[in-house]
Amino acid sequence: MTAYASPQAILPPAGGQPGRYAVIGNPVAHSRSPRIHAMFGEQTGIALEYGLLAAPLDGFEATVRGFFAGGGRGLNVTVPFKQQAWTLASPRLSERARLAGAVNTLWQRDGALHGCNTDGIGLVADLRALGMDLTGARVLMVGAGGAARGVLQPLAEAGCARIHIVNRTPEKAHTLAAEWLRATGAASPTVSAGALDEAHKGGPWDVVVNATASSLGDAAPDLPGGLYAEGALAYDMMYGAQPTPFMRQARADGAAATADGLGMLVCQAAESFFIWHGVRPDAEPVLAALRQELAAAPPR
Ligand code: ATR
């Protein structure tokens, strides 16, 4: 995988015992993170225990504190707690996490919580694994929630020339673009925003990322046609055993390639693993194994 600058971590050795890690969320039972981290552990020869940690909706902080007080070494954070994790770890945040406004990876050092967000690097790593050269790329980001916010900075760092954010509620897209520009002050990439029916403005696009929750309702976002440049990739952050509605829509609109977000899931986990263990595992065989398991037992 691509080498990224490490954030501040890499934990001291666990002292002979397998270190304890978990993913915290509500609900969390469906999470594939324990399986992914177990495979990374086997691959790298690092002994670890990685479990599921269900937190009550009003009990995130207490559950996190209890986990680390009991000797836990690292947490991944999922829905709906990523923003709370950000608050909890502030100001000991990586730059990525600071700009994402959300944290998906926590660890404790000298008694204090630290946080990073590896979602965006996970996306960039997977796009590269899929053969996308992001240097100078024109990117359409569909959606303006936390999922979209979390990946803007890594896409910018990867060298994208333009990012156009469109959303069902256009005001949210404008707010996200304005906040991101204010926070970074960056002149490049050019970031613009609009409604879903303005998705073609400034296009066609080399990469179209669906960062909306539309697939949960088994629908594609209501996008106009003619979005895809030659050789373009359509990427859905959601995943499933079958191509998502967005992927089917993209094929019909002429996207050369489509991908779902299973690779992003594995790549963000690989980056969390690197933060905690100082070793970056190979995502590819783990993704292949997961893909097989998904086909054999699709999520309900
Ligand atoms: P997340 O943190 O996962 O991004 P979120 O903040 O609830 O979740 O944002 C969900 C995103 O999916 C929003 O951009 C939402 O659009 P609105 O801001 O207009 O609500 C988008 N979304 C959800 N269902 C959608 C659908 N059926 N079509 C298009 N966009 C959809």
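Strand 9, strand 10 and strand 11 (257-259) are among the elements that cover the buried residues of helix 8. Helices (H or I, at least four residues) and strands (E, at least two) are DSSP runs, numbered from the N terminus. Helix 8 spans residues 245-252, and P245, F246, M247 and A250 are buried in it. Buried means under 20% relative accessible area, exposed over 50%, and partly exposed in between, with a 1.4 Å probe and protein chains only. After helix 8 comes G254, with a positive phi near 100°.

This is a predicted model, where local features need pLDDT of at least 70 and side-chain atom pairs count only at pLDDT 80 or more, while totals for chains, interfaces and linings use all residues. Residues are numbered from 1 along each chain as its sequence is written, and side-chain values use heavy atoms, with hydrogens and water left out.

**N210**

N210 sits in strand 9. N210 is buried, at a relative accessible area of 0%. Its side chain makes a polar contact of 3.3 Å with the side chain of D236. A polar contact is a pair of N or O atoms within 3.5 Å; within protein, one must be able to donate a hydrogen and the other to accept it, and residues adjacent in sequence count only if both atoms are side-chain atoms. Beyond neighbours within four places in sequence, N210 is in contact (heavy atoms within 4.5 Å) with residues including V142, P221, Y235 and F246.

**The core**

The largest nonpolar core has 32 residues. Such a core is a set of buried Ala, Val, Leu, Ile, Met, Phe, Trp, Tyr and Cys residues joined through side-chain atoms within 4.5 Å. L123, L127, L134, M141, L155, I163 and I165 have the most contacts inside it. Helix 6 gives the largest share of this core, five residues. Another core lies apart from it, with 24 residues, among them V23, C267, I275 and L294.

**The ligand**

The ligand is surrounded by residues including G143, A144, N167, R168, K172 and A213. Which protein atoms lie at the listed distances from an oxygen atom of the ligand?

| Protein atom | Distance to a ligand oxygen |
|---|---|
| A144, polar backbone atom | 3.1 Å |
| K172, polar side-chain atom | 2.8 Å |
| A213, backbone N or O atom | 3.0 Å |

The protein covers 68% of the 640 Å² of accessible area that the ligand has on its own. These areas come from the Shrake-Rupley method with a 1.4 Å probe; for residues, only the protein chains shown count as cover.

Definitions and conventions: Near = heavy atom within 4 Å.
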